[in-house]
There are 8 protein chains.
Amino acid sequence: MNKDLLSVLKLVSEGSVNPEQAQELIRGFSDGEEVKIDTDRKNRVGFEEVVYGRGKTVAQLASIAATYAEKGLNLICTGLSEEKIKELEPLCPDCTFAADAGIMKRIVKPIDTKQGSVAVITAGTSDMRTAKEAAEILAFNGVSAKLYADIGVAGIHRFLSYKNEISDADVIIVVAGMEGALPSITGGMFPQPVIAVPTSTGYGTALNGFTALFAMLTSCAAGLTVVNIDNGFGAAMSAIRIINTLNKYRTRQ
Amino acid sequence: MNKDLLSVLKLVSEGSVNPEQAQELIRGFSDGEEVKIDTDRKNRVGFEEVVYGRGKTVAQLASIAATYAEKGLNLICTGLSEEKIKELEPLCPDCTFAADAGIMKRIVKPIDTKQGSVAVITAGTSDMRTAKEAAEILAFNGVSAKLYADIGVAGIHRFLSYKNEISDADVIIVVAGMEGALPSITGGMFPQPVIAVPTSTGYGTALNGFTALFAMLTSCAAGLTVVNIDNGFGAAMSAIRIINTLNKYRTRQ
Amino acid sequence: MNKDLLSVLKLVSEGSVNPEQAQELIRGFSDGEEVKIDTDRKNRVGFEEVVYGRGKTVAQLASIAATYAEKGLNLICTGLSEEKIKELEPLCPDCTFAADAGIMKRIVKPIDTKQGSVAVITAGTSDMRTAKEAAEILAFNGVSAKLYADIGVAGIHRFLSYKNEISDADVIIVVAGMEGALPSITGGMFPQPVIAVPTSTGYGTALNGFTALFAMLTSCAAGLTVVNIDNGFGAAMSAIRIINTLNKYRTRQ
Amino acid sequence: MNKDLLSVLKLVSEGSVNPEQAQELIRGFSDGEEVKIDTDRKNRVGFEEVVYGRGKTVAQLASIAATYAEKGLNLICTGLSEEKIKELEPLCPDCTFAADAGIMKRIVKPIDTKQGSVAVITAGTSDMRTAKEAAEILAFNGVSAKLYADIGVAGIHRFLSYKNEISDADVIIVVAGMEGALPSITGGMFPQPVIAVPTSTGYGTALNGFTALFAMLTSCAAGLTVVNIDNGFGAAMSAIRIINTLNKYRTRQ
Amino acid sequence: MNKDLLSVLKLVSEGSVNPEQAQELIRGFSDGEEVKIDTDRKNRVGFEEVVYGRGKTVAQLASIAATYAEKGLNLICTGLSEEKIKELEPLCPDCTFAADAGIMKRIVKPIDTKQGSVAVITAGTSDMRTAKEAAEILAFNGVSAKLYADIGVAGIHRFLSYKNEISDADVIIVVAGMEGALPSITGGMFPQPVIAVPTSTGYGTALNGFTALFAMLTSCAAGLTVVNIDNGFGAAMSAIRIINTLNKYRTRQ
Amino acid sequence: MNKDLLSVLKLVSEGSVNPEQAQELIRGFSDGEEVKIDTDRKNRVGFEEVVYGRGKTVAQLASIAATYAEKGLNLICTGLSEEKIKELEPLCPDCTFAADAGIMKRIVKPIDTKQGSVAVITAGTSDMRTAKEAAEILAFNGVSAKLYADIGVAGIHRFLSYKNEISDADVIIVVAGMEGALPSITGGMFPQPVIAVPTSTGYGTALNGFTALFAMLTSCAAGLTVVNIDNGFGAAMSAIRIINTLNKYRTRQ
Amino acid sequence: MNKDLLSVLKLVSEGSVNPEQAQELIRGFSDGEEVKIDTDRKNRVGFEEVVYGRGKTVAQLASIAATYAEKGLNLICTGLSEEKIKELEPLCPDCTFAADAGIMKRIVKPIDTKQGSVAVITAGTSDMRTAKEAAEILAFNGVSAKLYADIGVAGIHRFLSYKNEISDADVIIVVAGMEGALPSITGGMFPQPVIAVPTSTGYGTALNGFTALFAMLTSCAAGLTVVNIDNGFGAAMSAIRIINTLNKYRTRQ
Amino acid sequence: MNKDLLSVLKLVSEGSVNPEQAQELIRGFSDGEEVKIDTDRKNRVGFEEVVYGRGKTVAQLASIAATYAEKGLNLICTGLSEEKIKELEPLCPDCTFAADAGIMKRIVKPIDTKQGSVAVITAGTSDMRTAKEAAEILAFNGVSAKLYADIGVAGIHRFLSYKNEISDADVIIVVAGMEGALPSITGGMFPQPVIAVPTSTGYGTALNGFTALFAMLTSCAAGLTVVNIDNGFGAAMSAIRIINTLNKYRTRQ
């Protein structure tokens, strides 16, 4: 629950919140017909809900965006195809779109900048969409990220060239498709938490990203963790969980 | 490399290390015929090599254990079946065995205790082997863990009963087979890093753990990361990467 | 057979049915070239045939609709894509379309309302199409349904908020994609028959609904039953089988 | 929770239950180290916990059996291989074993007989183990079942021969391996709830039961529901959910 | 080889065939750059080459059709999508198209009618495309076929209604999608060779026809044989192999 | 039904068959508790039931063998492992065993020899078990077969060496594992019906026979039909269906 | 590294290369934001980078082409769909396109012709796109190739007809879809290195090329090697590795 | 054929070979009942037949070994489990066994040593069995190999340490399980032909070697070729094809 029960009831009795708002505060979610926004999520787990755009129709997305605007919430929506973005642009004129990351957003409340940094590495140019999705989600949550593109294992000297820079990050996100070998190299070389993101880059035996996924999960480098295929969002969120935990100790200093 | 080149060469010239030892120090690995121990690993990534027991023959394992003894290194070996343990016991009389975790170990150097704690949760009794593997690996690396067994979603009140205790941990490892739903619940309730470990518990559509694995990877709870099926070892190692990073900030205080 | 043989033959001899109609009554199906309507189905199993729209061409569907119209039968057709609906609308001007459920229908005979109620729950907004298909099929068969949308496990307090309402239903249908965890929670909390419907919501390891399907089949909650992916139709039909059986006992009172 | 809080606390203050027992009553589960028995389950969902035997070691099973004995609970445990049964017999001398159903049980409290009947049909002789598991679970819950063995579609006249008998049951469970066609025939002929159980009978393209599973889920007969491969237990439990719901209406008469 | 070597060489020396034609006769194939027509096939295996349309571009198909025209060969080409047919129609104005069977053809030499008959049965209306492909191929080879549409197992009385007619055929082809149960029923009821054709009708666990394929291969009815998914062509060709063999004995009479 | 109803009833009234026997004659199957022998099968489809040995326990098999002995029926049982054969030998002392074909049999009634011949070809020595199963089933049904072993495509001259002999057969069965290429060669060279049997020979990408199965189903040689992996039985049965149909014409001569 | 460090630094100090160019020479790659061209590759492995076109957007490809033009490098880009080629043509007016091979290229520096020859064989006309991709890549690297189209195993006499010609090549590339049998025949007949390329030709059990892939990997002909599905590029590159190694010995003569 | 026809016939007429031997020479294979040894293979493709041990029974293997002994041929047999080796040792007392490579052999004719060298690299100790199989096959064919064990990517400095040595080989075989990343690194660093061998080392998502296989096939390093899982034999054979081709040019010098 967002607020303790008694204080909410006092606000109702004072007339400063109406019963509908009070219900939402007590329940911890807004009660739309097709959507229930989890307004308690930040309180519980440290970050707000991100709208999953893939399975929803344009009509549903526009309606959700309107609800967020109405409630004065920051909005970020992932997984939007070029077609959906084209249809959404006229419907959501106050939103901005990062088409190369499949993202729609609208920032109405300032974002608190957090300490801590994330390095986002890609094996190839084709993996950039996923890397940019991660970077957008990190930025939405106040975390700064640096991208290192196209430094995969076919020419490993490219990767080694950035070794010192990468070693300064608190968390490393490695995005790779095809055989997904770059996280193994990264995990064998750096002590930080390494979050591996398989992508659907490749064809035939790349299996739309499953080969990279399985390779990362069975990596000979110890202590990698893995998220779903093309899931830049998920990698960013798990980095945020780590950063938030790190900052508990930083802020105690 | 373990040591800088010049200081090693000085030790050789002084006669305090012989050329073979010096080669190992410079190369960062010991040069066995079938095994190359990565003696530089702790220096690079913050933890020592763990012996992977599944793919090796009993003869190979006994020989590796002997090499570790010779070099005065702490040994931990995972993934041992009951049959292999029975064959290894007489061959490695100075090792101890945790049969219910599939582990052989020999501690010859004291282990540094680390700050930071890990909660290891299992959905069912059948998931304990994997949870214990994680706990053993954490202990081997000086990290304390607390186990919460058999609190899966068929009776979710069992899980809720331990909510406060679990919320004190720095990292949460959730071990579940069958439909693998417990990490979703956990990730929706706690802000910490959550590492999900699918197990091969179940039959038919449990697909030897692949259903739990895929469910965890496609969880609606944001920011979970996942390791291989039955991979208590990997979950522990990624927890250690996080704990080590946390402790960089703790120790700066 | 719809009617007993002798009574049909009497009707023929009286001239009140012609030989073609009699053949259909005796055989229990209408003899079209590409379609044989199972006119005996309601008599046998308690509900009429539903037209499966996915595998048929628009031409076949329009022809089937015409045949139903000719015979004075209520028509409901499922699994229609937006494209097919657009092509069918001018061809079947007396039909109504529920585009968000993929359904075309034409009610020419009044539907008998049945006692008994069904709760249809969805984990997310993306699962609504399947839930609405189920609701349409239930309504076509005279059964009332109530929908509870977007109350999945990432914020389980949303689900708990509707616990009392749901417990009044005779049968619970739970529609979920991604990791498909909601039926496990539901089955662990309610004593009624729970029919789980996996959906193709999700990407990558969601495997177009197979992960949810397998998760539901291997649920740790006992006594769930499962239907095909996105099969709102099938869930509704099995609910109707249960409701029909319940009503045998209700009507005996 | 099994009992309301205040009445439990009164019992403690009277000394008629000790604090450990009270904790279990309030929490709704017993707190073993590796096992938490869900003592509240019957209260919540209408049936008691069944011990899942496949993933547990013989030591764990014997210990669970001892705990059940201590608490005076009826015990039934499924999924036991011949080898496990041989090892369990001396450890649990007061249990009985149904080796052809993979079951161990001990009845210490009389079982309430329920109204309602279930027909359990098998396509072949090789499917009997699963059918017997279902029958044992039904009996454990007070529901009577009748078995019809080896009446599959290669000689459909065998099935037709029992049509009248089967039509008297409240629920039909159909157990079939190989191509899994029998549930389609059954569903096309009877109006009752039909629960299809695929079995791992067959080889090659039978895919250890997945072909039967998938066939049943994509059956052209409407309103079948399906459980996991070889899951006689699950079929019985879903039949019990239906029977329990039916009996709410019967008992109101 | 089409003709014996010496007789071909004589024709060359007489000037009645030119060297290019002679080469083709000797080699048994025509030597196009991208296509080698197997002109010896009928001689070897009893039927002529059928053009496989799926993997070829429209340009390749038009060029092949032109070559056939030039050589005075009957042409039949399968597996053509609606789009390809639309593009081919203007390019091959002297061909006819059976769009509902995906076929283009041009008959320039009369077809010898063969003794023997084939029954082609479909489980549903959605399976008609494949059944018609089979019928077209049979007709191209002079074999007569009779189609029985939409008589699948959800209403088995429809199938039984045609039992006597079907029993007159020399070979039975059964076309079914979804769970693919109809061949099992057919094989259990008729003594003839039964060729089962799975189709991609269905969704989800129908697995684009693989469930029907696997079900047919693991049928409990003995002696079914099976061809590839949607492969009406293959079923027809194997029927022709049987009919040709039958006719060896008929013609000996 | 084996006999027409009235004649059976006369026999009962005469006392020459008892009511139990009469029931079996009328129903067309024997009514055992776990087994219903399909005594009508030969009448319906031209061959008797073969006992499927894989999924049955030794106890069930011994009991079935006893029932066949009692009823004076010829028995053949397939799919027996070496272990099962060792256990069955003492229990069925009057049966003979073909261990290299996995078969148990007992011939008590003379077998009618049929006209027609089958060539059974294997690609390698490892495919002989399946080929011998086919030969045993053919012999049990009075059909003579000739085996050609180890003539696969790695040395295609071995196959070509037997071309003339093979071309005399009415039906060709080709047994091959690994890449399963031999049926393509055979189908491209011979006009007869070709039944392809994939075997589980091979490892890794041989996928326990699925690669050979899929290769055969997608063969570029037209008109092959295919049976399940290692299914020598099924190949033989479909050959028998063809031979029986051929013999209808032969016997008319 | 392309050049030794000191010589590069001298060039900088002389002003003949600027610092940005020097950085690229020392690092061995060009530092674009989304693309790092591996300028050291030819030096290391004997061939230059080929641009992988499938996963990249048209914008990325046009930008890469511009960079190559700027740096005066020969460009070849594979895996371009017809749609992409249409969009690229106006953006890259100085490039040439081989649409039937999916290739864009621009040759600005003359290509060194290499000794050695490659035979590229296809089983069917549908495999030509992949064969042409291989031929284009070979030509780009100065290796001459000869194509033999449509000589698959359904009419093996076509293949045998070219046996002598093929035996002159240094390396044989065999391109085949469907059941992928042609490499087995080739490998059993020729002593050269045979590189098998599975294609996605076929449908149903062709599994988009996986059946051909698996068949080739499990071929009974010894010493075949295999590349990814439709990977004409990869086959050509491995032929080039072999040709380059051969030429080390030729040039020593 | 091994010898030209006329010379063989002369030897028969002279009495120096008997008709059975002559038949074998002319046909190019020996005519055993279950085995046809391809005595022409060396003549055709440059190496002799290797006996595939996996799918054969001990009896078949002993019989083959006896036939080889009788004919005075060198024998090598691969893929033997420990159990088979134990059973074969007494039956083939004149053979030697390499149990850690799964090999039985008997050398009766001296082996010609060939020029050319192969480097065999393994990622881990668990991959040694496959590497040793390759080395044994190379040795059997007169090719020398050098093994580099346990130098995988988790500690890439181990691999780099042997870079110079490896670069001297004519062909590189890389053996790796789990994520199979080592061939990508190797292919990106060396210009030689690289043959990648996936192994079944690993568990869960290692998929018994399929993940490594798929990763190698979709490697971002150009020009790798791949063989079946655990197929050290196949890798060696393809190396021999390359070495034989190289030696054609060496010997011309």
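# Briefing: domains, helices, strands and chain contacts

Chain A is divided into domain 1, residues 50–106, and domain 2, residues 117–250. The model is predicted. This briefing starts with those two domains.

- The centres of domain 1 and domain 2 of chain A, taken over C-alpha atoms, are 26 Å apart.
- Nine residues from domain 1 of chain A and seven residues from domain 2 of chain A make up the contact.
- On the side of domain 1 of chain A that touches domain 2 of chain A, β2 (75–78) and β4 (103–106) of chain A each supply at least two residues.
- That side of domain 1 of chain A has five nonpolar, two polar and two charged residues.

**A helix pair in chain G**

- Helix α1 of chain G covers residues 5–14, and helix α2 of chain G covers residues 19–27.
- Their axes come within 10 Å and cross at roughly 175 degrees.
- Angles over 145 degrees count as roughly antiparallel, and α1(G) and α2(G) are therefore roughly antiparallel to each other.
- From α1(G), the residues in the contact are G:L5, G:V8, G:L11 and G:V12.
- They meet G:P19, G:A22, G:L25 and G:I26 in α2(G).
- The residues of this contact of α1(G) with α2(G) are eight nonpolar, no polar and no charged.
- Why can residues spaced along a helix point the same way? An α-helix has 3.6 residues a turn, so residues three or four places apart do so.

**A buried helix in chain H**

- Helix α10 of chain H, residues 210–217, is mostly covered.
- Eight of its eight residues are buried.
- The buried residues of α10(H) are H:F210, H:T211, H:A212, H:L213, H:F214, H:A215, H:M216 and H:L217.
- What covers the buried residues of α10(H)? The cover includes α10 (210–217) of chain A.
- From chain H, the cover includes β7 (171–176), α9 (182–187), β8 (194–198) and β9 (224–226).

**Strands in chain H**

- Four strands of chain H form an open sheet in the order β1-β2-β4-β3.
- The pairing in this sheet is mixed.
- Which strands of chain H are the edge strands? They are β1 (51–52) and β3 (96–98), and each pairs on one side only.
- β3(H) and strand β4 of chain H, residues 103–106, run antiparallel and are joined by three bridges.
- H:A98 stands opposite H:I103 in β4(H).

**Strands in chain B**

- Strand β2 of chain B, residues 75–78, pairs with strand β4 of chain B, residues 103–106.
- This pairing is antiparallel and has three bridges.
- Opposite B:L75 stands B:R106 in β4(B).
- Strand β3 of chain B, residues 96–98, also pairs with β4(B) in the antiparallel sense, over three bridges.
- The bridge partner of B:T96 in β4(B) is B:K105.
- The hairpin of β3(B) and β4(B) has four residues between the strands.
- In this hairpin, B:G102 takes a positive phi near 70 degrees.

**Where chain C touches chain B**

- The contact brings together 28 residues of chain C and 28 residues of chain B.
- α9 (182–187) and α10 (210–217) of chain C each supply at least two residues of the side of chain C that touches chain B.
- The largest share of that side, five residues, comes from α10(C).
- By class, the side of chain C that touches chain B has 15 nonpolar, 12 polar and one charged residues.

Key. Residues are numbered from 1 along each chain as its sequence is written. Chains are lettered from A and ligands numbered from 1 in the order in which they are written. This is a predicted model: local features need pLDDT of at least 70, side-chain atom pairs count only at pLDDT 80 or more; totals for chains, interfaces and linings use all residues. Axes are lines fitted to C-alpha atoms, for helices over the stretch in contact, and angles run from 0 to 180 degrees between N-to-C directions. Angles under 35 degrees count as roughly parallel, over 145 as roughly antiparallel, 65 to 115 as roughly perpendicular and the rest as oblique. Two residues are in contact if their C-beta atoms, placed from the backbone, lie within 7 Å. Ala, Val, Leu, Ile, Met, Phe, Trp, Tyr, Cys and Pro count as nonpolar, Asp, Glu, Lys and Arg as charged, and the others, Gly among them, as polar. Two strands pair if DSSP finds at least two bridges between them. A residue is buried if 20 or more other C-beta atoms lie within 10 Å of its own, exposed if 12 or fewer, and partly exposed in between; C-beta atoms are placed from the backbone. Domain bounds come from an automatic or database domain assignment.
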